[in-house]
Amino acid sequence: MSGFAEVRFKGTRRGYFNTGGLDLVPGDRVIVQADRGEDFGQITALGSIAERKCSSSGGCSTPTPTMRVLRRAEPEEVNRARFKVDDERRARTEARNHVARHGLKMKVTETEWQFDRKKLIIYFTAEKRVDFRALVRDLARSFRTRIELKQIGVRDEAALLGGVGRCGRELCCSTWLPELKPVSLQLAKDQSLSLNPAQISGCCGRLMCCLMYEHDSYVEARRRFPREGRTLRTGRGRERVVGVNIFNETITLRGEDGDVRVVTVSDLKEEMSIRPRN
């Protein structure tokens, strides 16, 4: 029986394959069909989970993947995949040398050999469009294989290279985050965070992905509070909301006489429900 499988390759690159009835479990290292050859990867999801991830990522052009998982990787193939890292490091250095000789304004971030060495993927970043046709010809002559130059953004670069965030843990994008979604400054505003870019930006220089994690909880919690700047009629008259604290469930009010006080949400609601009518 055929089924879906999500396979992870180097960095954050993922692909979706037909299992072809193979008895697989997440974590298995496998050999899969690739562009004119074979590639090595690791199973990260199977069945309906893989199918949902494929649909949500836009990676499914057909109801069933046309490329197949060929087999579980043999121990010898797993060892070859480990040694491939050293070859990719050398290829990265050589590719950077070629770029320097051509005087191109691009930064080679990483290289990835297809398992059967029939293709070399070179990831790079660049601020502007780069004409690298001559570079590709030189790289093809040097490595004697097909060359794919793949431009990525700075967030993808951080996910590919990895690192440690200001929280002291490995970057989410390079470990478990399934996809990189847009992060806006409004997320920080909704959570009353500092708007200083140095304090809310990650290693990539863009806003941190983790600003999204608790955003929905903050938005939901804020619905119980009056917004800042609103004027309320309380037992003490007209008072203006100057601040809220969703953790302590308190609201800071300033009266017309300038007096400031802090009340809980429950006390304020009770106070407003029994305030005398004018």
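The following legends describe close-up views of a predicted model.

**View 1. Helix α2 and its surroundings.** Helix α2 comprises residues 75-102, 28 residues in total, and spans 41 Å between its first and last C-alpha, close to the 40 Å expected at 1.5 Å a residue. At phenylalanine 83 the helix bends by about 25°. The buried residues of α2 are Glu77, Val78, Ala81, Lys84, Asp87, Glu88, Ala91, Arg92, Ala95, His98 and Val99. An α-helix has 3.6 residues a turn, so residues three or four places apart point the same way. The cover over the buried residues of α2 includes the strands β3 (29-34), β4 (37-46), β5 (69-72), β6 (107-113) and β7 (119-125), together with helix α3 (133-143). Just after α2, glycine 103 adopts a positive phi of about 65°.

**View 2. The pairing of β1 with β2.** Strand β1 (residues 4-8) and strand β2 run antiparallel and are joined by 5 bridges. Phenylalanine 4 has asparagine 18 of β2 as its bridge partner.

**View 3. An aromatic pair between helix α8 and a loop.** The structure contains 6 aromatic pairs. One of them is formed by tyrosine 218 and phenylalanine 247, whose arrangement is edge-to-face, with 6.0 Å from centre to centre and 85° between the planes. Tyrosine 218 belongs to helix α8 (residues 215-222), whereas phenylalanine 247 lies in the loop between β10 (237-245) and β11 (250-255); the pair therefore ties together parts that are 29 residues apart in sequence. Tyrosine 218 counts as buried because its relative accessibility is 13%, under the 20% cut-off. Phenylalanine 247, with a relative accessible area of 64%, is exposed, a value over the 50% cut-off.

View 4. Glutamate 157 is located in helix α4 (residues 154-161). With a relative accessible area of 10%, glutamate 157 is buried. Not counting residues up to four places away in sequence, glutamate 157 touches Lys107, Thr109, Thr125 and Ile152. Cysteine 173 is 16 residues from glutamate 157 in sequence, and the C-alpha to C-alpha separation of the two is 9.8 Å.

**View 5. The hairpin of β11 and β12.** Strands β11 and β12 run antiparallel and are connected by 5 bridges. Threonine 250 has threonine 264 of β12 as its bridge partner. The hairpin has 4 residues between its strands, and glycine 258 takes a positive phi near 95° in it. In a regular strand the side chains alternate between the two faces of the sheet. Strand β12 (residues 260-264) has a covered face with Arg261 and Val263, and an uncovered face with Val260, Val262 and Thr264.

How values were computed: Residues are numbered from 1 along each chain as its sequence is written. This is a predicted model: local features need pLDDT of at least 70, side-chain atom pairs count only at pLDDT 80 or more; totals for chains, interfaces and linings use all residues. Side-chain values use heavy atoms; hydrogens and water are left out. Helices (H or I, at least four residues) and strands (E, at least two) are DSSP runs, numbered from the N terminus. The expected span of a helix is 1.5 Å times one less than its number of residues. The bend at a residue is the angle between axes fitted to the seven residues ending there and the seven starting there. Buried means under 20% relative accessible area, exposed over 50%, partly exposed in between (1.4 Å probe, protein chains only). Contact means heavy atoms within 4.5 Å. Two strands pair if DSSP finds at least two bridges between them. Rings of Phe, Tyr and Trp (its six-membered ring) pair if their centres lie within 6.5 Å; planes under 30 degrees apart count as stacked, over 60 as edge-to-face and the rest as tilted.
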